[in-house]
Amino acid sequence: MITSNMADNESVECITEHERILQEIESTDTACVGPTLRSVYDDQPNAHKRFMEKLEVRIRNHDREIEKMCNFHHQGFVDAITELLKVRADAEKLMGQVTDTNRRLQDAGREVTAQTEEVIRCRIQQRNMTTTVERLQLCIPGMKCDGRYLCSRYYAALKTMEQLEKVYIPRVSRYRFCQIMAENLPKLREDIKDISMSDLKDFLESIRKHSDKIGETAMKQAQQHRTFNSVVQKHDSGMGYTKPVYSLNGRTPTQHNGLAAEEGVDQPEEEGVLTAQDLVDFSPVYRCLHIYTVLGDRETFENYYRKQRKKQARLVLQPQSNMQETVEGYRRYFNQIVGFFLVEDHVLHSTQGLLTRAFTDELWNMALSKITAVLRTHSSYCSDPDLVLQLKNLIVIFADTLQGYGYPVNRLFDLLFEIRDQYNETLLKKWALVFREIFELDNYSPIPVETEEEYKSVISRFPFHDAEIEKQDFPKKLPMSQSVPQIYVQVKEFIYASLKFSESLHRSWTEIDDMLRKSTNLLLTRTLSGCLQNLIKKPHIGLTELVQIIINTTHLEQACKYLEDFITNITNVSPETVHTTRLYGLSTFKDARHAAEGEIYTKLNQKIDEFIQLADYDWGMPESDGQASGYLMDLINFLRSTFQVFTHLPGKVAQTACMSACKHLSTSLMQMLLDSELKQISMGAVQQFNLDVIQCECKERALIMEGERALIMEGYSRCQCE
């Protein structure tokens, strides 16, 4: 019983469990059925069979419920099918409309889709552009710096590269192009050095071409300054000759670029005054100096620049071929030198340490030695005084120009004194030709004056004063020949020519006065004296010409004091000043006059010899002719006419000439008698010779009286002068 009850209880529990499982299966998802079914098999043995039975019973129950439900709803289902069949046609029609609508929507949407894709692409591009702009904003400063570096021709390249290297490249260092830029910076620095050095070489080459123009401009400005100062001094002093206004110690007061600005005097207007920096672009020098300084290689640049400029200095100082033939050759030579040293002066004052004063002084001293040697050599070949004078003016302008820029030029002025001696030599040679031409063209006869105008014309050129001649009526004659006023005028012209060289030599007027007097003495004692000596010795000069030469020298001797006054008026130096040189014209003309007197005596004796040679005595004649010989009468007539000319000579000269002629005649007659070839003389020949001697004695007294008369006339003339 108990066993039966236990079996029944177990059966009830089993059924209850199967109900639960079935409920779970019905109520749960299919994914959870597995665990539920596994619990069926985990229970008591054969429980699954009972479960299957229970499941079959439940299935049959559900089938009966389904069948009941289907039966209940069958008519409604049939009615629904019938209704569906009715709406089938409408559904097909609706399907067609929907299909057509879908097609049209697809067609319309295709364009929208394309535009949408384009919008999407543009949005992507816009986003990429925005990102690119943001990245480029970081790169732009570096790129801008690089552009300035390329466009500025490396003037600020190093600063730009420094900005790139320290500021901008680190910001965008993740980009490959920035890394490449950073790697190329050292090479670019070397390229900058090479290119700046190339620019410097081009500058050094071009400066050689521009030096001539720079020097020409500077020397023109210096010449204008000298001319302006000279006009100002003449205006202030009111004199024809003024002392130089230049200074040996540097620029004149208030001076700029060689031009002065005097207070109270208007400067001559100059349009566009050019300086070295106006003609030459010095930026390559500054740029290269800056680059090498920043790169720590300044010393290399300084050494290179100085070495190259030294080479150029040597080339500039080389004289051109045939430079001494024209003044233009010297002018180009000086222009190049001035241009070179003006460039050096500009670089010296516009840079710090590239050039030093010691270096420029060394260059200038080298240049001075070369210049003085070249000028000394080439000027020695100059035979034209005008060319030597032009050279002197160029040297003065050259010296004044460089002196205005602080270069010492005393050696140039010392050289000018050497050239001055050569200039005087060329003047003496030129005036020697002038004097010879004057003497050759002279007619050696007193100057005839027909009217008062002619007389004034003569005395305006030569200081002649004679009270007795002034009282005479026109026409009249002046005692000297035409060469005297011409010689006097030429001596004054020589003084003017010598003065032209002495001007602007920065010497006192006392020194200039001394130089003028010394050069004039050389003209008188060497040139004019030599010309007179040669003239006197010429065979075609006869006694009449010699007499006129003596008269001319007498008047030239008297005019020497006027030449001294002429020099004094030029220099304003009193002749009473200590150590003032006196003119040696007195001794010069006295020597010439003595030579002419001696030549008169010689020629007079030669003429007597010519007459004596005509003597044809018949030493064997039986008796004399009763009158003097014909050759002797001709000789006496010649002497009478000659001594009449001697009346214009000083009395002592005429008397000496008369005594010399008589003595020479008596000696010649005595030699006839004492001739060794004469073997015998007849009494008639002795009587004839005696008649000739008596005739000579009679005429000798007359000739002596002529000489005494000339002496009296000389004394009278002296009294008139006193």
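Modeller: Happy to; what follows is a set of questions and answers on this predicted model.

Biologist: How does helix 11 run relative to helix 12, roughly parallel or roughly antiparallel?

Modeller: Two packed helices are described by the angle between their axes and the distance between the axes. For helix 11 (residues 385–403) and helix 12, the angle is about 165 degrees and the axes are 9 Å apart. An angle over 145 degrees falls in the antiparallel class, so helix 11 is, relative to helix 12, roughly antiparallel.

Biologist: And how many nonpolar residues are in the contact of helix 11 with helix 12?

Modeller: The crossing of this pair is left-handed. On the helix 11 side, the contact includes V388, L389, I395 and F398, and on the helix 12 side, it includes L412, F413, L416 and I419. Alongside four charged residues and one polar, the number of nonpolar residues is 13.

Biologist: What is the handedness of the crossing of helix 15 and helix 18?

Modeller: The axes of helix 15 (residues 483–502) and helix 18 come within 11 Å and cross at roughly 30 degrees. That angle makes the two helices roughly parallel. Their crossing is right-handed.

Biologist: How many charged residues does the contact of helix 15 with helix 18 have?

Modeller: Helix 15 brings Y488, V491, K492, I495, Y496 and L499, while helix 18 brings Y562, L563, F566, I567 and I570. Ten of the contact residues are nonpolar and none is polar, and the number of charged residues is one.

Biologist: How far apart are the axes of helix 17 and helix 18?

Modeller: L556, E557 and Q558 in helix 17 meet C560, K561 and Y562 in helix 18. The two helices pack at an angle of about 35 degrees, and the distance between their axes is 4 Å.

Biologist: Now for backbone details. Which residue is joined to P475 by a cis peptide bond?

Modeller: P475 lies in the loop between helix 14 (467–471) and strand 4 (476–478). With omega at about -5 degrees, the bond is cis, and the partner of P475 is F474.

Biologist: Is Y444 buried or exposed?

Modeller: Y444 sits in the loop between helix 12 and strand 3 (447–449). Although not a glycine, Y444 has a positive phi of about 55 degrees. Its relative accessible area is 9%, and the cut-off for burial is under 20%, so Y444 is buried.

Biologist: One last item: how far apart in space are Y601 and T656, C-alpha to C-alpha?

Modeller: Y601 belongs to helix 19 (residues 585–613) and counts as buried at 18% relative accessibility. Y601 and T656 are 55 residues apart in sequence, and their C-alpha to C-alpha distance is 8.5 Å.

Conventions. Residues numbered from 1 in each chain as written. Predicted model: local features only at pLDDT ≥ 70, side-chain atom pairs only at ≥ 80, totals over all residues. Heavy atoms only, no water. Axes fitted to C-alpha atoms, helices over the stretch in contact; angles between N-to-C directions. Contact = heavy atoms within 4.5 Å. Parallel < 35°, antiparallel > 145°, perpendicular 65-115°, else oblique. Left-handed = near helix turned anticlockwise from the far one by under 90°. Nonpolar A, V, L, I, M, F, W, Y, C, P; charged D, E, K, R; others polar. Buried < 20%, exposed > 50% of the residue type's maximum accessible area, 1.4 Å probe, protein only.
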